[in-house]
Amino acid sequence: MYLSIILLPLISSIFSGFGGRYFGKEGTSIVACSSIFLCGVFSWVIFFEVGLFGSNCYLFISPWFHSGNFYVAWSFLFDSVTVIMLIVITNISFLVHLYATCYMEQDPHKPRFLTFLNLFTFFMLILVTSSNFIQMFVGWEGVGLASYLLISFWFTRLDANQSAIKALVVNRVGDLGLCIALFLIFYTFQSLDYEIVFSLVPSFLESSIYICGFNWSTLNTISFFLFLGAVGKSSQLGLHTWLVDAMEGPTPVSALLHAATMVTAGVFLLVRCSPLIVYAKTVSLFIALLGAFTAIYAASAGCFQYDLKRVIAFSTTSQLGYMIFSSGLSLYNVSLFHLTNHAFFKALLFLSAGSVIHSCADEQDMRKMGGLIQLLPFTYSVMLTGSLALVGFPFLAGFYSKDFILELTALTRFTISNKLQINFIYWLGTFSVFLTAFYSFRLLFLTFLNKTNIPRPLIYSVHEAPILMLIPLIILAFGSIFLGYFSRDLFIGAGTNFWGTSIFIYPSLFSIIEAEELPLSTKFTPFFFTILGISLALISNKLADKFITKIQLTVVGKKISFILNKRWFWDKINNELIIYPIARFGYLVSLVNIDRGIIEFMGPYGTSKIISNWAHKAICIQTGQLVHYIFFMIVSVFFLISFNHIILKSFFELKLISLFFCLVLFT
Amino acid sequence: MINLLNYISLILMLFFLGILGMLYNRKNILLMLMSIELLLLAINFNWVFFAYYFDDIVGQIFAIMVLTVAAAESAIGLAILVVYYRIRGTIAVELINLIQG
């Protein structure tokens, strides 16, 4: 069962990949969905065995590399963190599969799509179940590959291909960081197994690594590079540009990418490495700051987007910022709790957005929608549920995790010495709650509640999605409503022993019990900001839309909304400062000057040219004139004689004579 | 009194005169043959002088052999010259450039 949960998606992927053309759409759909369904069932069983009954499972399959100290094996580790990830991945993946079988009904390449989806799930499972860093890296790269294949699924579109390449390359920047982290871990700990590395961490607190002439603290350096990997995968600020462009894939892919799998891997890495990162105080603070900045950046950039999917994509980045900054403040279990809740409501939002897009004949622009509440009441209700869960409306999933993150951040001011930074992080997080509420409800207003902008011929064909697409939405909506309430005590309850040894939090940083003692005003602050954001969306779209539009059309308002719509010009700055110079360098220096220049000139091209030049010159010597032949004969005779004498170190006057003779000849 | 340097200088002068005669001559194969004769004469003189100087008979024998070879060579050379003149109607050296590199 433990192994079949990993192997079933692979087998099903191979089945659909190689046999898809023989079994057709229905055959591959049935196989893919049922294999992932089995995985989902198994993951619940494993959750009961490992998570609730506390029997961690370690499976050794076979040795992989064995060279000196370096020993890596194929082995699987099922502990509490893995189990939570398994539930998230397999269940949401199953729902997405189910949704995709219907959503992609018209596509001729549906077996290929299901192959890639299965492959994606397989690699993600490899990532979370591995018991060493190398095998984790297999999954890490695998999900990157699968995301590339999925984003460029409609490979005839230029945009899809470009954004797929962007996703792969930007991810690879983070992967380089992860590689360096793995090298450093092996250099320091002489092993890459989780158990060995994490048990050795406390003995390396004071040690340092000598890099580039400086002594760097070992744990800080390793944590920094690990975090660099997480930055790429979880699209934190700096490497976040790929995630929004990854919208080019089909909507179920976005749901899988943003909710359950790809982007959660970065958070998972931080949580998994909690025994290491918790000791790296400086880097932890950096992680927290960057996460908070990501949250506010993405939330602000999401406010003026007009693409339905892009708004939700920005909310993903923003929520990932929350997870990362709570990991940075050593609240790993809260981070994982938010990950789980987020997976459910984000999948819900994406799939219902897909339902809207599906019914509007693939229109993604929110300005061309509106009034859909009359036509798609069901989709509206699930999307409202998802949005309320996202903004942290009380007693929905997001409330229990996100508000708790902010409460604990407010509390951490008293336990961590860097008061100013923590205050800063707290207010960034709180303000992005406000922005989150604003753009979520702006999306709802523009899509469902405002007056309609749908073209007349289109509006007759708007229809509610088929039942197979609605079932996942219902399940996810129930998850979004009840998951936080039911699993709160399991994840972050005071004194829960669910995590066991899988997450390590420094005892002095453990502040869950103190969170009960916070003043009520602090606890209500996020909710207050949420209400503020919702009312701003309400005012700007329903009550005083003329007035708000007027404000937006002033010079300053125009500029602000333009900058936010262009995502703070981050892509532009990236292109101007990094990508174009590197591309130009690659063309001018590497290609033109070195490859085609120096190496070719020194190498084959130059040599052949020199030889043929010299051969031409040698040919020119033979003029056909007898006199010239005689001259060369005599000169060479003298040359040979004098050469002989130079070798013998005796300077005979013959040399002088020959010199004189040459002078006579040439004058 | 036999001065070594004087004799060698004379021989070298003769030899270089022959060489220069070959090199500076553009118009006439006949002059070239004559220059070759002058070269051989210088060599012969060399043989004879050193045979006397070292008191060794071999040099004189060689001188006679070179004389013979020179006679044969000039005879063949003149024959070629005559044949060439019959075909081309000229004996200019600078016009013998049919084969170039």
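Predicted model: local features only at pLDDT ≥ 70, side-chain atom pairs only at ≥ 80, totals over all residues.
Modeller: A:Gly17 sits in helix 1 (residues 4-52) of chain A.

Biologist: Why does A:Gly17 count as partly exposed?

Modeller: Its relative accessibility is 44%. Buried means under 20% and exposed means over 50%, with partly exposed in between. A value of 44% falls between those limits, so A:Gly17 is partly exposed.

Biologist: How far apart are A:Gly17 and A:Asn541 in sequence and in space?

Modeller: In sequence they are 524 residues apart, and their C-alpha atoms are 47 Å apart.

Biologist: What makes strand 1 and strand 2 of chain A a pair?

Modeller: Pairing takes at least two bridges between the strands. Nine bridges join strand 1 (residues 57-67) of chain A to strand 2 (residues 70-78) of chain A, so they count as a pair. The two run antiparallel. Within the pair, A:Leu59 faces A:Phe76 of strand 2 of chain A. Two residues lie between the strands of this hairpin, and A:Gly68 in the turn has a positive phi of about 65°.

Biologist: How do you know that strand 3 and strand 4 of chain A pair as well?

Modeller: The test again asks for at least two bridges. Strand 3 (residues 208-211) and strand 4 (residues 214-217) of chain A share four bridges in the antiparallel sense, so the test is passed. A:Ile209 has A:Trp216, in strand 4 of chain A, as its bridge partner. This hairpin too has two residues between its strands, and A:Cys212 takes a positive phi near 55° there.

Biologist: Why is A:Asp362 called exposed?

Modeller: Its relative accessible area is 57%. Exposed means over 50%, so A:Asp362 qualifies. A:Ala361, at 48%, is partly exposed.

Biologist: Why is the contact between A:Asp245 and A:Lys166 called a salt bridge?

Modeller: The closest N and O atoms of the pair are 2.6 Å apart. The rule asks for a side-chain nitrogen of Lys or Arg within 4 Å of a carboxyl oxygen of Asp or Glu, so 2.6 Å meets it. A:Asp245 is in helix 8 (residues 241-245) and A:Lys166 in helix 5 (residues 158-189) of chain A, 79 residues apart, and the pair links distant parts of the chain.

Biologist: How do you know that A:Asp245 also forms a salt bridge with A:Arg567?

Modeller: Their closest N and O atoms are 3.7 Å apart, which lies within the 4 Å limit, so this pair counts too. A:Asp245 lies in helix 8 of chain A and A:Arg567 in the loop between helix 23 (555-565) and helix 24 (570-602) of chain A, so the bridge ties together parts 322 residues apart in sequence. A:Lys166, A:Asp245, A:Arg567 and A:Asp571 are linked in a network of salt bridges.

Biologist: Which class of accessibility does A:Asp245 fall into, and why?

Modeller: A:Asp245 has a relative accessible area of 15%, under the 20% limit, so it is buried. A:Lys166 is at 22% and counts as partly exposed.

Biologist: Where do A:Lys572 and A:Glu576 lie?

Modeller: Both are in helix 24 of chain A, four residues apart, about one turn of the helix. An α-helix has 3.6 residues a turn, so residues three or four places apart point the same way. A:Lys572 and A:Glu576 form a salt bridge, with the closest N and O atoms 3.5 Å apart. Over all chains the structure holds 13 salt bridges.

Biologist: Why is helix 9 of chain A described as mostly covered?

Modeller: Helix 9 covers residues 251-260, and ten of its ten residues are buried. Among them are A:Val253, A:Leu256 and A:His258.

Biologist: What makes the patch with A:Lys546 positive?

Modeller: The patch is formed by A:Lys451, A:Lys542, A:Lys546 and A:Lys550. Lys counts as positive, so the patch is positive. A:Lys546, in helix 22 (residues 545-552) of chain A, is exposed at 68%.

Note on methods
Residues numbered from 1 in each chain as written. Chains lettered and ligands numbered in written order. Heavy atoms only, no water. Patch = residues over 30% accessible without salt bridge, like charges linked within 9 Å, V, L, I, M, F, W, Y side chains within 5 Å. Areas by Shrake-Rupley, 256 points an atom, 1.4 Å probe, with all protein chains shown as cover. Charge placed at Lys NZ, Arg CZ, Asp CG, Glu CD. Buried < 20%, exposed > 50% of the residue type's maximum accessible area, 1.4 Å probe, protein only.
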